[in-house]
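Visitor: I would like to learn how to read a structure like this one. Where do we start?

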Amino acid sequence: MFSYNFHWNQAFKALPQMLEGALVTLQIALLSMAIGLAVALALTLFRLSGNRILNGFATAWVEVARNTPALFQIYMAHFGLGNFGIHLSPYTALLVGIAFNNAGYLAENFRGALKAIPDTQTRAGRSLGMTPLQAFRYIVMPQMLRIAFLPATNQMVWAILMTSLGVTVGMNTDLAGVTQALNAVSFRTFEFFALAAVIYYVIAKAVTLAARLAATRMFRY
Amino acid sequence: MIEIENVRKSFGSLEVLKGINLTVQKGEVLTIIGGSGSGKSTLLTCINGLETIDGGRIVVDGTDVHAKATDLNKLRRKLGIVFQQFNAFPHLTVLENVMLAPVKVLGQSKAEAEAMAVKQLTHVGLGDKLKVYPNRMSGGQQQRMAIARALAMSPAYMLFDEVTSALDPQLVGEVLDTLRMLASEGMTMICVTHEMKFAREVSDRVAFFHKGVMAEIAPPEQLFGAPKDADLQTFLAATH
């Protein structure tokens with residue numbers, strides 16, 4: 001009833017290749033987080049601006065990013081935009097798709113964090129002659145980032161795992177892509193994907209631990 | 001000089017200021033007393049333009065606070081205000097709290113701002129707390145820091161909005177002492193307060209607000225010694 005013969009050697013031989021792929025995965029995740037954070041900040045400012053169009057734009061972004069499959073978002077970045085003559089490489093499309101998703105979730109994190117900061121903080125800043133933007137930049141934003149930091153590390157883990165969706169748009173240099181290519185020639189599906197899963201797990205755990213460590217060093221109050 | 005002319009202000013259907021007329025001269029210490037909801041705190045936030053007004057006008061050194069052309073950010077540099085809540089910026093040390101606005105708003109160099117911050121913090125008795133984060137300090141210390149933070153902008157006027165109301169009773173004294181010190185140095189101050197003894201001691205004039213109206217204004221010995229307004233008499237009897 002159970003006659004599968006494990007061939008772990010094949011998988012371990014491919015380990016260097018897979019680790020190279022893991023680096024690409026990590027790179028995409030980090031870049032997508034950097035872009036996502038910048039966009040999320042912009043979306044947050046749009047929401048605070050009091051301008052209906054900007055606010056509507058930000059709300060629409062957050063709603064779509066959080067309520068549609070990440071797979072569709074990446075598909076859209078590659079094939080969807082392709083229909084309009086915008087041709088993104090698998091790498092770029094994957095990056096754009098994940099960054100889009102990150103921005104939506106992070107903007108929502110920021111919104112929650114802002115609720116925990118009393119209005120009187122802004123009021124105190126304005127009383128000292130600060131413009132609304134200065135009060136946000138120097139008083140509210142640092143507190144917001146602190147509150148949102150640990151939730152944001154969850155998103156970072158999610159970004160790492162989302163990179164595996166790149167295989168659907170022809171991505172073949174990241175961990176999932178490399179694994180899929182190896183699987184295609186060897187059919188050692190279980191071994192290769194099990195090993196890849198372990199690598200994903202280790203990266204995700206390492207990121208979470210690094211973030212916790214960084215938090216204790218950065219936030220001294 | 002702060003000139004308040006027939007100022008009206010409503011929150012929805014509730015009129016909290018019903019035509020206030022008041023002039024505060026340079027160097028004067030004015031305290032405003034009255035029950036809660038009498039409009040006294042609202043008046044302070046109208047003076048520095050945090051609140052709009054619905055009628056009349058407020059003129060600070062010739063500048064109409066609520067005129068469209070007025071640069072409120074610039075005007076607020078000369079109007080220091082301290083609130084009931086201390087509003088310490090929790091992510092900054094005490095020193096950084098005080099330096100922030102002079103650097104970002106006035107464009108002072110870090111060294112210049114730090115020298116000023118150290119001077120003001122020492123002045124309010126926090127010279128040994130420079131590197132401490134506010135959440136490590138008592139309410140009284142945080143409130144004194146808020147005073148130093150306002151003073152670091154070198155304001156011409158200081159507005160104090162019930163600055164001792166959120167403090168534990170044993171911490172009220174140190175903050176009032178700081179205010180007394182400022183008054184004795186000639187700072188122009190408007191203090192909204194519930195501390196009658198303090199009002200009697202430091203004020204040049206005391207104003208009594210009742211239901212959005214300034215019912216009486218007089219030097220402290222007169223206002224406390226021989227109150228004319230019936231509501232003031234009731235108020236004083238209740239607070240003694």
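Guide: Start with the end points of an annotated span. This model is predicted. In chain A, the end C-alpha atoms of residues 147-172 lie 37 Å apart. That span is 62% helix and 0% strand.

Visitor: Where does UniProt place the "transmembrane region" feature in chain A?

Guide: The UniProt record, an unreviewed entry, puts it at residues 22-46, 147-172 and 192-215 of chain A. Take residues 22-46 next. They are 100% helix and 0% strand, and their end C-alpha atoms are 35 Å apart.

Visitor: How many helices and strands does chain A have?

Guide: Count elements, then read their order. Chain A has 9 helices and 0 strands. Along the sequence the pattern reads α-α-α-α-α-α-α-α-α.

Visitor: What box do the C-alpha atoms of chain A fill?

Guide: Roughly 75 × 45 × 30 Å, along the principal axes. For burial, use the share of residues: 38% of the 221 residues in chain A count as buried. Then look at sequence separation. Take the contacts in chain A between residues at least 6 apart in sequence; 74% of them join residues at least 24 apart.

Visitor: Now a helix pair. At what angle do helix 2 and helix 3 of chain A cross?

Guide: Look at the axes. Helix 2 (residues 15-48) and helix 3 (residues 52-67) of chain A cross at roughly 135°, and their axes come within 7 Å. That angle makes helix 2 of chain A oblique to helix 3 of chain A. The crossing is left-handed.

Visitor: Which residues meet there, between helix 2 and helix 3 of chain A?

Guide: Read one side, then the other. Helix 2 of chain A brings L43(A), F46(A) and R47(A). Helix 3 of chain A brings L54(A), N55(A), F57(A), A58(A), W61(A) and V62(A). By class, this contact has 7 nonpolar, 1 polar and 1 charged residues.

Visitor: What does UniProt place on chain B?

Guide: Its unreviewed entry gives "domain: ABC transporter" at residues 2-236 of chain B. This span is 37% helix and 26% strand. Its end C-alpha atoms lie 27 Å apart.

Notes:
Residues numbered from 1 in each chain as written. Chains lettered and ligands numbered in written order. Predicted model: local features only at pLDDT ≥ 70, side-chain atom pairs only at ≥ 80, totals over all residues. UniProt positions renumbered as here; feature names shortened; annotations may be inferred. Helix = DSSP H or I, 4+ residues; strand = E, 2+ residues; numbered from the N terminus. Axes fitted to C-alpha atoms, helices over the stretch in contact; angles between N-to-C directions. Parallel < 35°, antiparallel > 145°, perpendicular 65-115°, else oblique. Left-handed = near helix turned anticlockwise from the far one by under 90°. Contact = placed C-beta atoms within 7 Å. Nonpolar A, V, L, I, M, F, W, Y, C, P; charged D, E, K, R; others polar. Buried ≥ 20, exposed ≤ 12 C-beta atoms within 10 Å, placed from the backbone.
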